[in-house]
Amino acid sequence: MDSDTFFLELPKVELHAHLNGSLSQATMLQLKRFHADSGLEDKTNAFFDEFQIGAGDTRNLTDCFQVFNIAHSLTSTPEALTIATRLTLQEFQDDGCCYLELRSTPKETPHMTKVQYIETLVKAIQKSSLHLTMITRLIVSINRKSSITEAEEIAKLTVEYYKKHPDVIVGIELSGDPMAGTFQSFVPALTQARNAGLKVTLHCGEVCNPVEVMEMLKFKPDRLGHGTCIHPKYGGTEETWETLCKLKIPVEVCLTSNVNTKSTPDYESHHFKVFYDAEIPTIICTDDKGVFSTSLSQEYQICVKTFSLTSSQTARLALNACQYVFADNVRKTLNDKLLNFIGKHSL
Ligand code: IMP
Ligand code: ZN
């Protein structure tokens, strides 16, 4: 089996993918066509080179967050959001994903309420599951720019829809510009969701802020996103690193996202290696496959080549990721799929 085929065929679980950051060029073109056909105003004037953030992009981190507005203006109606979800799910499956936890921030637009946003995503996922082999679950996002009231409104809605659709909604997460807001102000909303049975994942340490990293670790989320500035070598402290090593909270790492937004200078110096060597559960993810022009199989390939992992180590990375999925009832199925692949290829 050649290398590309191996990475494509390796059954992969994707645990950190923002819907609006995952829109491919093909999906955005379809959405633009849908807008034109339905007479909806298309305010994007979106050129893909503006949406995509490649290596060496000169925009700062806060500017990078502006690109999501382009996607948001193409997913502001229930129909467009449905198309975006359907096409994106298909792309993850085509890339060899067997399980996806898609995340997205409910937004109020001129065409839909936050309730409709969540309902649309749930319906699109349920409908796609009728013809896809990939299993999909939803994590609802809270943006760090939200007010406390809005965050609590989203947490309440998430709990309500989790009770109605426990087969779809599995978690809640905190994301958005790491320079905006404070973690502490979102603790009541996140706690409300956690107490109702939802799993929690937090974007953590995207910028150097050891005080906030400690607050997040003490909250003991089920998973962390990025975890860039936790080790002292990367802007963390002895305390943040020792606490993570003790708690062993699984971390969703997104190599290309970190390199292209310059949180990490290059692949070689990515914190993946220190996490892997310290046996912190580390899950390879894409973050925003559309914005960063990548795919999960490509992220595995980059990681494996950069850190010289063997095929057996690669397959075990994918196998270990299954342990940290939020949907408890599919863990065994995923595990068996990976073990079957490992056995078939004598890894
Ligand atoms: P959406 O939630 O489906 O609209 O996906 C896009 C949103 O995800 C952005 O507006 C951000 O709030 C969030 N997001 C995407 N990538 C990142 C990241 O690297 N760090 C923090 N938040 C992110
Ligand atoms: Zn993210």
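Guide: Helices (H or I, at least four residues) and strands (E, at least two) are DSSP runs, numbered from the N terminus. The model above is predicted.

Visitor: Where does Ser22 lie?

Guide: Strand 1 covers 12-18, and helix 2 covers 25-37.

Visitor: Is Ser22 buried or exposed?

Guide: A residue is buried when its relative accessible area is under 20%. Ser22 has a relative accessible area of 0%. Therefore Ser22 is buried.

Visitor: Which residue has its backbone oxygen 2.7 Å from a polar atom of the side chain of Ser22?

Guide: A polar contact needs two N or O atoms within 3.5 Å. The side chain of Ser22 has a polar atom 2.7 Å from a backbone oxygen. That oxygen belongs to His18.

Visitor: Which residues is Ser22 in contact with, leaving aside neighbours within four places in sequence?

Guide: Contact means heavy atoms within 4.5 Å. Ser22 meets Ala17, Thr88, Glu91 and Phe92, among others. The list also includes Asp287, Asp288, Lys289 and Gly290.

Visitor: Where is the place of Asp287?

Guide: Strand 8 spans 282-284, and helix 14 spans 296-306. Asp287 is in the loop between strand 8 and helix 14.

Visitor: What is the phi of Asp287 near?

Guide: Most residues other than glycine have a negative phi. Asp287 is not a glycine, yet its phi is positive. Asp287 is also buried, with a relative accessible area of 5%. Its phi is near 75°.

Visitor: Which strand holds His226?

Guide: His226 is another residue with a positive phi, about 70°, although not a glycine. His226 is buried, at a relative accessible area of 0%. His226 is found in strand 6.

Visitor: How far is a polar side-chain atom of Asp288 from a nitrogen atom of ligand 1?

Guide: Asp288 is among the residues that come nearest to ligand 1, with His72, Ser104, Thr105 and Lys107. There are 18 residues around ligand 1. The polar side-chain atom of Asp288 lies from the ligand's nitrogen at 2.7 Å.

Visitor: How much of the accessible area of ligand 1 does the protein cover?

Guide: Side chains also meet oxygen atoms of ligand 1: Asp287 at 2.9 Å, and Asn143 at 3.2 Å. On its own, ligand 1 has 490 Å² of accessible area. Of this, the protein covers 96%.

Visitor: Is His72 buried, partly exposed or exposed?

Guide: His72 sits in helix 5, residues 68-74. Beyond its sequence neighbours within four places, His72 is in contact with Asn20 and Lys107. Buried means under 20% and exposed over 50%. His72 has a relative accessible area of 26%, so it is partly exposed.

Visitor: Which residues have the most contacts inside the largest nonpolar core?

Guide: Nonpolar side chains tend to be buried together in soluble globular proteins. Here the largest nonpolar core has 108 residues. Those with the most contacts inside it are Val13, Ile142, Ile169, Leu190 and Leu244.

Visitor: How many disulfides does the rule give?

Guide: A disulfide is a covalent bond between the sulfur atoms of two cysteines. The rule asks for sulfur atoms within 2.5 Å. The count comes to zero.

Visitor: Which cysteine has the sulfur nearest to that of Cys229?

Guide: Cys229 is buried, with a relative accessible area of 8%. Cys229 is in no disulfide. The nearest cysteine sulfur is 5.5 Å away, in Cys208.

Visitor: Is Met1 buried or exposed?

Guide: Met1 comes in the segment before helix 1 (3-9). Exposed means over 50% relative accessible area. Met1 has 54%, so it counts as exposed.

Technical notes: Residues numbered from 1 in each chain as written. Chains lettered and ligands numbered in written order. Predicted model: local features only at pLDDT ≥ 70, side-chain atom pairs only at ≥ 80, totals over all residues. Heavy atoms only, no water. Buried < 20%, exposed > 50% of the residue type's maximum accessible area, 1.4 Å probe, protein only. Core = buried A, V, L, I, M, F, W, Y, C linked by side-chain atoms within 4.5 Å. Near = heavy atom within 4 Å. Polar contact = N/O pair within 3.5 Å; in protein donor to acceptor, adjacent residues only side chain to side chain. Areas by Shrake-Rupley, 256 points an atom, 1.4 Å probe, with all protein chains shown as cover.
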